[in-house]
Amino acid sequence: MPKEIRLNAFLTFAPTHLSPGLWAHPQDRSLNYNTLSFWTDLARTAERGGYDALFFADGISQYDVYGGSNAAGVRLGLQFPRLDPLLLVPAMAQATEHLGFAVTSSTSYEPPYLFARRMSTLDHLTQGRVGWNIVTSFGDSGARALGQAAARPHDERYDVADEYLDVVYRLWEQSWEDGAARRDRQTRVFADPSRVHEIQHRGRYFEMQATHYSEPSPQRTPVLYQAGTSRRGKDFAARHAEAVFLSTPTAAIARRDVHDIRQRAIALGRAPEAVQFFSLATVVVAPTSAQAQDKWRELQQHVSLEGALALFSRWIGVDLSKYHPDDPLRYLQSEGMQSTMEGFTLADPDRVWTIGELAVHNAIGGKGPVFVGSAAEVADALQAWIAESDVDGFNLSHALLPGTHEDFVTLVVPELQRRGVYKTAYRPGTLREKLYGQGPLLDTPHPAAGHRAQAAGTASPAHAHAAS
């Protein structure tokens, strides 16, 4: 039986995401990014197309590596300005019934206690349709905005993230036992104090003494997404992630990462299918192949190659404005996205990218492939990528918003359904239940589940100290 293809729309709460310059295209409506109806309409389109989730990238660091300043980023609207996507979720949830919402939040910038409450709130309000894209944040400008001198070194950011996850797991899973919220009108007992526990944590990076300020939400812990595929990032993914976002130029590199992370997860006692993989891709589709190619050529007239290089410069932490378009990209160590630098250099030693080729490749949809053609041709390409890479689905970027997703839902989704590789209806339940067909909560051997088991055996009331 063929694998069911999973799909997310890959977005950011800004006028431009991964296709710089196309906000100025006459058919693009991204300039309405700061209006609520723009997003609720998009959410309805995604649900009509059976998407699993809207996946929102986010961050507070500017694109300021290219040319040594943020000038290109500000002038071209490169994910700038950018608003808070967590505030969008309740409105989009109200407009839909099944669609999930994966939102990005950094383990480097917000105290875990506050973040845990915000995510529990969203999980309650959406009836369990929330996921968290865990990032560690490499941008110095974001660190300086919060009073830090600079971002921490790459591997240390993951050390911080490991401890951060342990803290929020304990808040979500351990602070309230199952059944602690009694909501008993007759006895006037909302919650049983003997089953609500204070969490104490004293670690290298965080200290906390608190009871979680939310009763358990439908999923307790949101669905956990992660995108780092450096060596340290893969270790983190194998321990924590339920879904990993890959952004690679070739299916062969994606397959290498899928296999590597799954082997690491198995070594930790997790089942290989416990981690799903979503590959970045962009689709340009039309009723005929010729029309799709015409659309592709027309899009090329509006892209910003400078913007593409400015995006890539920040991702890898290297100022590409200093290079000639014919210069090759060589591996350089930096504190940026190591997986991105490796993916375009060391991962495929037979392919040497010039700076000019990078600009063209990344100008529409970012680091992943662009599939251009009729609905049948696009479906063939998606299935071929999955067969070669062993991913579970795609994070679909866009050339035009909302047009790219409207075209995909109208043309490609019916073709995938006809082939029996795409859902015709949503599973009931939470986002986790829809993705995995199991219960709403994380199960062993995931580390979050261990904290829930510990709560069940904890006898200390809320005013006492739970074990550290």
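Is D390 buried, exposed or partly exposed? Keep that in mind as you open the model, which is predicted: local features need pLDDT of at least 70, side-chain atom pairs count only at pLDDT 80 or more, and totals for chains, interfaces and linings use all residues. Residues are numbered from 1 along each chain as its sequence is written, and side-chain values use heavy atoms, with hydrogens and water left out.

**Stop 1**

Select D390 in the loop between α13 (375–389) and β13 (393–397); helices (H or I, at least four residues) and strands (E, at least two) are DSSP runs, numbered from the N terminus. D390 is partly exposed, at 30% relative accessible area. On this scale buried is under 20%, exposed is over 50% and partly exposed is in between, using a 1.4 Å probe and protein chains only. The phi of D390 is near 70°, a positive value in a residue other than glycine.

Now go to R220, in the loop between β8 (207–210) and β9 (223–226). Its phi is also positive, near 60°, and R220 counts as buried because its relative accessibility is 3%.

**Stop 1: two cis peptide bonds**

Pick F80 and P81, which are joined by a cis peptide bond with omega about -5°. P81 sits in the loop between α2 (71–76) and α3 (89–94). Then jump to T444 and P445: the bond from T444 to P445 is cis too, with omega near 10°. Here the loop holding P445 runs between α15 (431–436) and α16 (447–456).

**Stop 2: R232**

Select R232 in helix α7 (residues 231–240). R232 is buried, with a relative accessible area of 16%. Show its side chain and you will find it reaching the backbone oxygen of Y158 at 3.5 Å. Leaving out residues up to four places away in sequence, R232 touches H154, D155, Y158, D159 and D162, where contact means heavy atoms within 4.5 Å.

**Stop 3: the second largest pocket**

Helix α15 gives the largest share of the lining, 3 residues. Colour the lining by class to see 8 nonpolar, 5 polar and 11 charged residues.

Key
Nonpolar A, V, L, I, M, F, W, Y, C, P; charged D, E, K, R; others polar. Polar contact = N/O pair within 3.5 Å; in protein donor to acceptor, adjacent residues only side chain to side chain.
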